[in-house]
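This report looks at one helix, at the nonpolar packing and at the aromatic contacts of the structure shown below.

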Amino acid sequence: MKHKFAVQLYSLRKELTKDFPGVLKELKKQGWETVQIDGLRGYTAEEVAAALKETGLKAVSMHANLDRLNNDLDNLIYEGLLFGTKDIFCSSELTNEEEVIYARNTLLNTAKKLNPLGFRIGHHNHDYEFRGSINGEMIMDYIVKPEGNLFLYPEIDTYWAKVGGADPFEYMKKFSGRIPMIHFKDMKSDLSLSYPESLAEIGTGCIDFLPFLKWGEKNGIESYIVEQDVSALTGGMLESMAVSLENLIKLSEQL
């Protein structure tokens, strides 16, 4: 199942700005097979697509903020088709009820336009989505609630859900068949640490990812996407990604 382990390229944003093709080559050497696109980092969409083709890495999905979803949708469609993916997740961090309502409306409008083209639209959470409610519903539930024949897909981030006070594993189980992708982000067990010092490589923190893999393989998860905003290792983020992949492979061997 190694092909289901993907790198969220936001993790490598600094490195990609300097050498997008070179970073993809290094990820391929490490054994990664898939990535999630998070911006072009100063390159053209055509250059990114060429780098994906050269390395053989597959783009499983894309992140886009609310501004792009509202004002740059044609280019997002073009990029998705160019990269070979029809999955787009909103990456905007929400901080108040007005933003939440705006995000939901944006996602529904985007789904209405792109569902007929075969695209799936969803939302990637931060901690705020688990800290409050709207109309008696948890914010994350409110955002991804289906409307008519429009379905929005939760992309649960394990770290941020935990920071928000939720049990990410238990929450994920509510969405059997409706959660194609999940963000694996680990957390150090030292509770005195806060973001970003509390971030950890997969398998080195306090989150047990084996239950996620077991459940995911039975309930339709297509990609387990590793994201780590900051690396504390001397080798930097590329070393962090190598450690995470090695530990995920070891976990998958227990299935």
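This is a predicted model: local features need pLDDT of at least 70, side-chain atom pairs count only at pLDDT 80 or more; totals for chains, interfaces and linings use all residues.

## The kinked helix α1

Helix α1 covers residues 13–30, and although a straight helix of 18 residues would span 26 Å at 1.5 Å a residue, the end C-alpha atoms of α1 are only 18 Å apart. A kink of about 120° is found at Asp19, shortly before the proline Pro21. After the helix comes Gly31, which has a positive phi, near 115°.

The buried residues of α1 are Arg13, Leu16, Phe20, Gly22, Val23, Leu24 and Leu27, and their packing partners are β1 (5–8), β2 (34–37), α2 (45–55) and α10 (236–252).

## Nonpolar cores

The largest nonpolar core holds 77 residues, of which Leu9, Leu27, Phe83 and Phe184 touch the most other members. Helix α5 (residues 97–114) makes the greatest contribution to this core, giving six residues. Apart from it lies another core, made up of six residues that include Ala6, Val60, Met181 and Ile225.

Phe184 can also be followed through its individual contacts: leaving aside neighbours within four places in sequence, Phe184 is in contact with Thr158, Ile202, Phe209, Phe212, Leu213, Tyr224, Ile225, Val226, Glu227 and Leu248.

## Aromatic pairs

A search of the whole structure finds twelve aromatic pairs.

Phe184 and Tyr224 form a tilted pair, with 5.4 Å from centre to centre and 40° between the planes. Here too distant parts of the chain are linked, with Phe184 in strand β9 (residues 181–184) and Tyr224 in strand β12 (residues 223–226), 40 residues apart. Phe184 and Tyr224 are both buried. Ring pairs join Phe5, Phe169, Phe184, Phe209, Phe212 and Tyr224 into a cluster.

## Charges over rings

Arg13, one of the buried residues of α1, lies over the face of Tyr10, at 4.1 Å from the ring centre. Elsewhere, the charged end of Arg120 sits over the ring of Tyr153, 5.8 Å from its centre.

Definitions and conventions
Residues are numbered from 1 along each chain as its sequence is written. Side-chain values use heavy atoms; hydrogens and water are left out. Helices (H or I, at least four residues) and strands (E, at least two) are DSSP runs, numbered from the N terminus. The expected span of a helix is 1.5 Å times one less than its number of residues. The bend at a residue is the angle between axes fitted to the seven residues ending there and the seven starting there. Buried means under 20% relative accessible area, exposed over 50%, partly exposed in between (1.4 Å probe, protein chains only). Contact means heavy atoms within 4.5 Å. A nonpolar core is a set of buried Ala, Val, Leu, Ile, Met, Phe, Trp, Tyr and Cys residues joined through side-chain atoms within 4.5 Å. Rings of Phe, Tyr and Trp (its six-membered ring) pair if their centres lie within 6.5 Å; planes under 30 degrees apart count as stacked, over 60 as edge-to-face and the rest as tilted. A charge sits over a ring if NZ of Lys or CZ of Arg is within 6 Å of the ring centre and within 35 degrees of the ring normal.
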